[in-house]
Amino acid sequence: QDMKPKACDAISGIITIVEPEVIAHRMVTEAQKHNPKFSVYFGLEGWMLSTLTAGMSPESSLIDATCQVSLMSLFRLISFFYLNDMWSAVQKCNSEENEVKEKPMDSTTAKAYGTLSTD
């Protein structure tokens, strides 16, 4: 977590994060079923993403198949808002990093980095 880029933290604040233990348990449970689902999703956002990326994947649920056919356009529109929020968060992090890089160093910091000539 300490080495995670700030942009990842910003994006994590936009979407719902699911704990790895929950994911592992659900994946194993679904895999052990007699007729497992092709797509396993978590939460509303996961279901929306699964619906958006269904493509030619098999579907065992009539409800999910109907939702894929009828909601694809709406979910695509909603995805533009998610993408815009994520893009804005990444751009904000990049601009903050650039401001820090462009900030002039004081003499102590410059000496530490070896960029200050002592001639």
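When I say helix, I mean a DSSP run of H or I with at least four residues, while a strand is a run of E with at least two, and both are numbered from the N terminus.

Before going on, a word on what we're looking at. This is a predicted model, so local features need pLDDT of at least 70, side-chain atom pairs count only at pLDDT 80 or more, and totals for chains, interfaces and linings use all residues. Residues are numbered from 1 along each chain as its sequence is written, and side-chain values use heavy atoms, with hydrogens and water left out.

Is Ser50 buried or exposed? Ser50 has a relative accessible area of 13%, so Ser50 is buried. The cut-offs are these: buried is under 20% relative accessible area, exposed is over 50%, and partly exposed is in between, using a 1.4 Å probe and protein chains only. Leaving out residues up to four places away in sequence, Ser50 touches Ser39 and Tyr41, where a contact is heavy atoms within 4.5 Å.

Now zoom out. The chain has 5 helices and 0 strands, and from the N terminus the order reads α-α-α-α-α. Of its 119 residues, 14% count as buried. If you take contacts between residues at least 6 apart in sequence, 44% of them join residues at least 24 apart.

Next, the core. Which residues make up the largest nonpolar core? There are 5 in all: Tyr41, Trp47, Met48, Cys67 and Phe75. H3 and H4 are the elements that give two or more residues to this core. A nonpolar core here is a set of buried Ala, Val, Leu, Ile, Met, Phe, Trp, Tyr and Cys residues joined through side-chain atoms within 4.5 Å. Look at Phe75 in particular: with residues up to four places away in sequence not counted, Phe75 touches Trp47, Met48, Thr51 and Leu52.

What about the cysteines? Cys67, at 16% relative accessibility, counts as buried, and so does Cys93, at 8%. A disulfide would be a pair of cysteine sulfur atoms within 2.5 Å, and by this rule the count is 0.

On a 1 Å grid over the protein atoms alone, a cavity is a set of points where a 1.4 Å probe fits but cannot get out; a pocket is an open set with protein on both sides within 12 Å along at least five of seven lines; and lining residues have an atom within 4 Å of a point. Points are joined across faces, edges and corners, and the volume is the space filled by probe spheres set on them.

The search of the whole structure finds 1 cavity of 30 Å³ or more, and the largest cavity has a volume of about 80 Å³. Its lining includes Ser39, Tyr41, Trp47 and our Ser50. H3 gives the largest share of that lining, 3 residues.

The largest pocket holds about 440 Å³ of space. H3 and H4 are the elements that give two or more residues to its lining. There are 19 lining residues, and Ile15, Glu45, Gly46, Leu49 and Met86 lie nearest the centre. Again H3 provides the largest share, 8 residues.
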